[in-house]
Amino acid sequence: EIGSEAIPYLARMLRKKESWTGRVYRSQWPRLPDRVKRWLPRPIDPARRHVDAATCLSRLAFSYKTAIPPLVESLKDPKIEKRLIAVRALRDIGPKSGEITAALITAARDADPDIQREAVGALWEFIRAADDRSRVTPAVPLLIEAIGNPIRDVRHDAMYALRDLGPDARPAVPSLLATLKHPSSSKDDRIDAACALGCIDS
């Protein structure tokens, strides 16, 4: 209901780090007597604050593009859970701009496997939902790279994303053929590669 006026506050919540006094207060809260707790504010878990802020920004971004930059900035956070929350929020916003696609391409190369899964899965969702393919075709080089990812879910989502891109994914043909012919490729990978090739060449 507040709309775009809430964005600066939510952005600050994403960037806010818990102070030393805040950590002490939160750790001591369970030990305080109930009569004291009645007069003091309940401490807020910083992870919960971050989740709430990212969720609100993802909802606002359906109408307000200014919600996107703080989420993109969160992808650089050293904490894995904060990066993961940002990826999920950007996925929920959808393929609204090339900036979001670029951010998810970066996240797909994250060192954490869960973030890789979420980012590649989000790109696949974008390809299925996009009414303007120009916003998602920049992901093709990343999806080709992901065909060789050691994580099965990432390989699957990447090849299905290329399948749904159809002829726009033609640069992926050599890598898909290599997967199809390589003796060490699993049966599932060969099936996924064959499906993608069939749609690209149709």
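Modeller: A salt bridge here is a side-chain nitrogen of Lys or Arg within 4 Å of a carboxyl oxygen of Asp or Glu. Side chains of opposite charge can pair when their charged atoms come close. Keep in mind that this is a predicted model. The mean pLDDT of the protein is 87, and 94% of its residues reach 70 or more. Confidence is lowest in helix α1 (residues 7-15), at a mean of 73. It is highest in helix α9 (residues 140-146), at 97.

The structure holds 12 salt bridges. Take Arg 155 and Asp 189 to begin. They form a salt bridge, and their closest N and O atoms are 2.8 Å apart. This pair links distant parts of the chain. Arg 155 sits in helix α10, and Asp 189 sits in helix α12 (residues 187-200). The two are 34 residues apart. Both Arg 155 and Asp 189 are buried.

Some bridges share partners. Arg 88, Arg 91, Asp 92 and Glu 118 are joined into one network in this way.

Now turn to Arg 83. This residue lies in helix α6 (residues 80-93). Its side chain meets that of Asp 110 in a salt bridge, at 2.7 Å from N to O. Is Arg 83 buried or exposed? Its relative accessibility is 10%, so Arg 83 counts as buried; the cut-off for buried is under 20%. Asp 110 is buried as well.

Arg 83 has other partners. Its side chain reaches the backbone oxygen of Pro 78 at 3.1 Å. Leaving aside neighbours within four places in sequence, Arg 83 is in contact with several residues, including Ser 74, Leu 75, Asp 77 and Pro 78. Asp 112 and Ile 115 are also among its contacts.

One more pair remains for this tour. The side chains of Asp 153 and Arg 117 meet in a salt bridge, at 3.8 Å from N to O. Here again distant parts of the chain are linked, 36 residues apart. Asp 153 is in helix α10 (residues 152-165), while Arg 117 is in helix α8.

Notes. Residues are numbered from 1 along each chain as its sequence is written. This is a predicted model: local features need pLDDT of at least 70, side-chain atom pairs count only at pLDDT 80 or more; totals for chains, interfaces and linings use all residues. Side-chain values use heavy atoms; hydrogens and water are left out. Helices (H or I, at least four residues) and strands (E, at least two) are DSSP runs, numbered from the N terminus. Buried means under 20% relative accessible area, exposed over 50%, partly exposed in between (1.4 Å probe, protein chains only). A polar contact is a pair of N or O atoms within 3.5 Å; within protein, one must be able to donate a hydrogen and the other to accept it, and residues adjacent in sequence count only if both atoms are side-chain atoms. Contact means heavy atoms within 4.5 Å. pLDDT is the predictor's confidence in each residue, from 0 to 100.
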